[in-house]
Amino acid sequence: MSCACGHHHATERHDCAEGGMPIALPAPMVALTGRLTCADAGQMMTALNLLPDHVTLSRAESGNLRFDLWQDDDPLVWHLSELFRDGAAFEAHQARTADSPWGRESTQFARDFQRHDVTPAMRPEERGDHDAIDHLLHLAFEGEAEARLVRLLRADGDLALSLVAVAAGTVVGHIALSPVGGDRPALALAPVAVHPAAQGLGIGSALIRAAIQHAGDTPIVVLGDPAYYARFGFRPADLTSPYAGPYLQLLGDLPDGATIAHAPAFAAL
């Protein structure tokens with residue numbers, strides 16, 4: 001099957017879920033994998049000239065979570081791996097590509113692509129996720145601070161929980177819990193991150209609910225929007241802390257005025 005962007009897709013579609021707890025979405029994400037084959041050196045030169053801009057523009061699309069193209073040992077072959085927020089985002093990508101230099105000049109290239117509907121899933125972080133978590137935090141917060149916080153918490157042994165949401169091999173969400181010292185044991189929820197292209201789908205809410213379930217009866221504190229966190233049962237916290245104020249929220253039982261102390265890594269923020 002061919003489409004407006006020049007892709008030729010296998011007609012079979014199926015749900016692909018990562019190992020872990022599936023996260024229900026309003027509509028499935030869309031992944032595309034496969035390869036592009038040039039017939040000769042002339043097509044290869046066209047690909048070398050036009051694909052860099054195509055990749056850059058595709059990654060800049062609001063609904064794109066991953067767009068990777070790499071050349072095989074055989075220089076006439078490129079491999080492709082894409083991930084989009086949903087079918088509408090993929091269709092927008094197709095429409096933009098069809099009217100681009102790459103779309104117009106590559107119609108004769110051989111394509112063997114497969115489209116998959118994807119359900120993300122939550123699981124504990126693994127060692128191989130560390131760089132991907134860093135990348136996600138940079139994207140979500142447009143800076144280094146949160147990525148540095150998670151690295152320091154991990155190095156100090158203060159990651160009581162580190163969950164990732166993964167879709168088609170891409171980390172699209174992350175949440176951390178760390179121990180809070182003071183008058184009574186507690187946990188700090190921070191940071192919570194969702195890929196900008198996947199925000200508003202319920203991934204962040206699923207991660208927060210999973211963290212709350214993991215904490216059990218242990219109180220949780222978070223710095224965040226009271227209106228947002230109220231839906232999970234958080235309430236304004238009257239606690240003695242450097243972070244005391246209207247954005248310090250509490251879920252669970254800590255007495256008013258109790259002293260709390262976040263993990264040392266927070267001092268680096």
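Let's start on a strand: Pro-191 sits in β11, residues 186-194 (helices, H or I with at least four residues, and strands, E with at least two, are DSSP runs numbered from the N terminus). A cis peptide bond links Ala-190 to Pro-191, with omega at about -10 degrees. This is a predicted model, in which local features need pLDDT of at least 70 and side-chain atom pairs count only at pLDDT 80 or more, while totals for chains, interfaces and linings use all residues. Residues are numbered from 1 along each chain as its sequence is written, and side-chain values use heavy atoms, with hydrogens and water left out.

- As background, most residues other than glycine have a negative phi, and most peptide bonds are trans.
- Glu-142 is not a glycine, yet its phi is positive, at about 55 degrees.
- You'll find Glu-142 in the loop between α4 (130-141) and α5 (145-155), and Glu-142 is exposed at 73% relative accessible area (buried means under 20%, exposed over 50%, and partly exposed in between, with a 1.4 Å probe and protein chains only).
- Ala-168, also not a glycine, has a positive phi of about 50 degrees.
- Ala-168 belongs to the loop between β9 (161-167) and β10 (170-182), and is partly exposed, with a relative accessible area of 28%.

**Salt bridges**

- Searching the whole structure turns up nine salt bridges (a side-chain nitrogen of Lys or Arg within 4 Å of a carboxyl oxygen of Asp or Glu).
- One of them pairs Asp-68 with Arg-59, at 3.1 Å from N to O; Asp-68 is partly exposed at 29%, and Arg-59 is partly exposed at 47%.
- Another joins Arg-104 and Asp-99, whose closest N and O atoms are 3.6 Å apart; here Arg-104 is partly exposed at 47%, whereas Asp-99 is exposed at 61%.
- Arg-151 and Glu-144 also meet in a salt bridge, with 2.3 Å from N to O; Arg-151 is partly exposed at 31%, and Glu-144 is partly exposed at 31%.

**Helices α1 and α2**

- Helix α1 (residues 41-59) packs against helix α2 (residues 87-98) at an angle of about 145 degrees, and their axes are 11 Å apart (axes are lines fitted to C-alpha atoms, for helices over the stretch in contact, and angles run from 0 to 180 degrees between N-to-C directions).
- On the α1 side, the contact uses His-54, Leu-57 and Ser-58, and on the α2 side His-93, Arg-96 and Thr-97 (contact means heavy atoms within 4.5 Å).

**Helix α6**

- Helix α6 has 13 residues (203-215), which should span 18 Å at 1.5 Å a residue, and its end C-alpha atoms agree at 19 Å apart (the expected span is 1.5 Å times one less than the number of residues).
- Among the buried residues of α6 are Ile-203, Leu-207, Ile-208 and Ala-211.
- Just past α6 comes Gly-216, with a positive phi of about 65 degrees.

**Around Asp-253**

- Asp-253 lies in the loop between β14 (248-251) and β15 (260-261), and is exposed at 53%.
- Leaving aside residues up to four places away in sequence, Asp-253 touches Arg-184 and Pro-219.
- Asp-253 and Arg-184 are 69 residues apart along the chain, and their C-alpha atoms are separated by 9.5 Å.
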